[in-house]
Amino acid sequence: MNYSAAVFGSIGLLLLLAIAWLAFSGTRRRPEQAVRKGGRERECLHISSLPQIKQALANSDFIYLEQQGYPALAKRIRKERRRIALNYLACLRVEFEKLLHLARMVAVMSPNVAVAQEVQGLRLNLEFSYRYYLIYFRLVSGVAPLEAIGSLSNMVSALTIRMETAISELGERAALVAELLPHNRGLDAGG
Amino acid sequence: MVTNLPPFVQILWATSITVQLALCGILIYFRHFRKLPFFTAYVCLNIAQSLFLYPIYLHYGAYSHTAMLAGWWSEGITLLARIFATLEILHVVLIAYRGIWGLAWRLLATTSVVVFVCVVAASWGDADRALMRADRGYHLIFAAALISCLALIRHYLIRVGKVYKVLLVGFCFYSCVKILLNTVLYDSLYQQRSQYTAIWQVLVISPYLIVLLFWGAALLRPLPKMREQQAVLPTSLYGRISPEINLQLQAINKKLMNFWKIEAQQ
């Protein structure tokens, strides 16, 4: 078998896998996702109490514990910091998905859709996913330095304020879209 | 009987024609032909192709030049009908979402052109197998365009009626099988001419038969009612909200990027 046959054969197999995924993944995942998202959104309500969390993540506390000779406690705090950082990342993702979902709903309800806007949304989604998983795996594997985790709290703090403002601005319009849609998880093409 | 073809291949032929006739009967009995005229025409053309080729194979033989010409010409017509049938189903699915339909046909056209250029570039200069390569190219373009369109539908969380989903997946599955057969089987078995046609017939008809059975089962139920777009947002609202949302998404991305830079500096 030559090179061309191997390439076309692989493409054929990939397309077969893609259609199998599209055929079987769509309907089953949604309820699970909704449940998961519901849980996550409840957790993310605490994101508004950021000053306290930021204080808890401050480097000075960690350095102080190290200097005072409490390695076990320092270790526990390190774990906690990582968990908090991961939670922030997850909340960031929830916020991102909320906006993405809103963008999709608006597009679905619009008689005309701008290709450039949709492509940009898709590109941003891919970029976000790439960066999110990169940072996520670095945090999980412990490669990310603790200072960076501390910096993350600053980042999320600033972002949350901005997001909350943005969401409240969009809230009215989102409510309008939500009211117009039969349900927000998927649209029935006719049955 | 069809000359030069083993009995099991002839049985497959007969079964395929019977199932196609049954499917045609379902389309007429349940009045699906009103909603899916191009799909019905596609099924009818396939039956006509089988009935057209059968006497030619019988008279001239399965390996004759006449049989080959008749086979490829009739195949060309059914392949064209298949495009119209698929577009019809996609249109029915997306009729209530005008904006997304506009996006979908642009995506279909772009994917088709891009894959066409790639296929021509990859198959250039192989005149001996031109027909086989053209058939493979068609199925590759068809499957890639359809999958990209289904991915778009999934991206926008548009739920496709089960019947339409079965029809579209059936088309796509068969095209993927044809890509693999045209690639692997042709290259590995074409030298053994005596066996090639029989194996080819079995491997082409069997998946098509499976697809037909799934289509038949799905079409036994009434088709979902077509809905007009229930609530349409003014175009100006999309023009205002969409860039705004993209800016917000960009802001989150920038923050993530900044985090990454902070990490790199440590």
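**Notes on a predicted two-chain model**

1. Read along the sequence, the elements of chain B come in the order α-α-α-α-α-α-β-α-α-α, which gives 9 helices and 1 strand. Helices here are DSSP runs of H or I with at least four residues, strands are runs of E with at least two, and both are numbered from the N terminus. Chain A runs α-α-α-α-α-α-β from its N terminus, with 6 helices and 1 strand.

2. A word on conventions before going on. Residues are numbered from 1 along each chain as its sequence is written, while chains are lettered from A and ligands numbered from 1 in the order in which they are written. This is a predicted model, in which local features need pLDDT of at least 70 and side-chain atom pairs count only at pLDDT 80 or more, whereas totals for chains, interfaces and linings use all residues.

3. On confidence, the model scores ipTM 0.82 and pTM 0.76. The pLDDT, the predictor's confidence in each residue on a scale from 0 to 100, averages 85 in chain B, where 87% of the residues score at least 70. Chain A has a mean of 68, and 55% of its residues reach 70 or more.

4. By element, chain A has its lowest mean pLDDT in strand β1 (residues 187-188), at 38, and its highest in helix α5 (residues 115-141), at 82. In chain B, the lowest mean is 70, in helix α9 (residues 235-265), and the highest is 92, in helix α2 (residues 32-35).

5. Some stretches call for caution. In chain A, pLDDT stays under 50 over residues 28-32, which have 2 contacts beyond four places in sequence; a contact is a pair of residues whose C-beta atoms, placed from the backbone, lie within 7 Å. The pLDDT is also below 50 over residues 46-50 of chain A, a stretch with 5 contacts beyond near neighbours in sequence. Residues 262-266 of chain B stay under 50 too, with 9 contacts beyond four places in sequence. Where pLDDT is low, the predicted coordinates should not be read in detail.

6. Buried residues make up 33% of the 266 residues in chain B and 25% of the 191 residues in chain A. A residue is buried if 20 or more other C-beta atoms lie within 10 Å of its own, exposed if 12 or fewer, and partly exposed in between, with C-beta atoms placed from the backbone. Among chain A contacts between residues at least 6 apart in sequence, 83% join residues at least 24 apart; for chain B, residues 24 or more positions apart account for 76% of the contacts with a separation of 6 or more.

7. How do α3(B) and α4(B) pack? Helix α3 (residues 37-60) and helix α4 (residues 65-94) of chain B meet at an angle of about 170°, with their axes 9 Å apart. Axes are lines fitted to C-alpha atoms, for helices over the stretch in contact, and angles run from 0 to 180 degrees between N-to-C directions. The two helices are therefore roughly antiparallel to each other, the word for angles over 145 degrees. Their contact involves 17 nonpolar, 6 polar and 2 charged residues. Nonpolar covers Ala, Val, Leu, Ile, Met, Phe, Trp, Tyr, Cys and Pro, charged covers Asp, Glu, Lys and Arg, and the others, Gly among them, are polar.

8. The end C-alpha atoms of α4(B) are 44 Å apart, which agrees with the 44 Å that its 30 residues should span at 1.5 Å a residue. The expected span is 1.5 Å times one less than the number of residues. Buried residues of α4(B) include B:Arg82, B:Thr86 and B:Ile89.

9. Helix α5 of chain B (residues 98-123) has 26 residues and reaches 37 Å, close to the 38 Å expected. Among its buried residues are B:Gly99, B:Leu103 and B:Val119. What covers the buried residues of α5(B) includes α4 (71-109) and α5 of chain A, along with α4, α6 (130-155) and β1 (158-159) of chain B. After α5(B) comes B:Gly125, with a positive phi near 85°.

10. A:Ala103, in helix α4 of chain A, counts as buried, with 26 C-beta neighbours inside 10 Å. Leaving aside neighbours within four places in sequence, A:Ala103 is in contact with A:Gly121, B:Ser242 and B:Ile245.

11. B:Arg31 is in the loop between α1 (7-29) and α2 of chain B and counts as exposed, with 10 C-beta neighbours inside 10 Å. B:Leu157 is in the loop between α6 and β1 of chain B and is partly exposed, with 17 other C-beta atoms within 10 Å.

How values were computed
Parallel < 35°, antiparallel > 145°, perpendicular 65-115°, else oblique.
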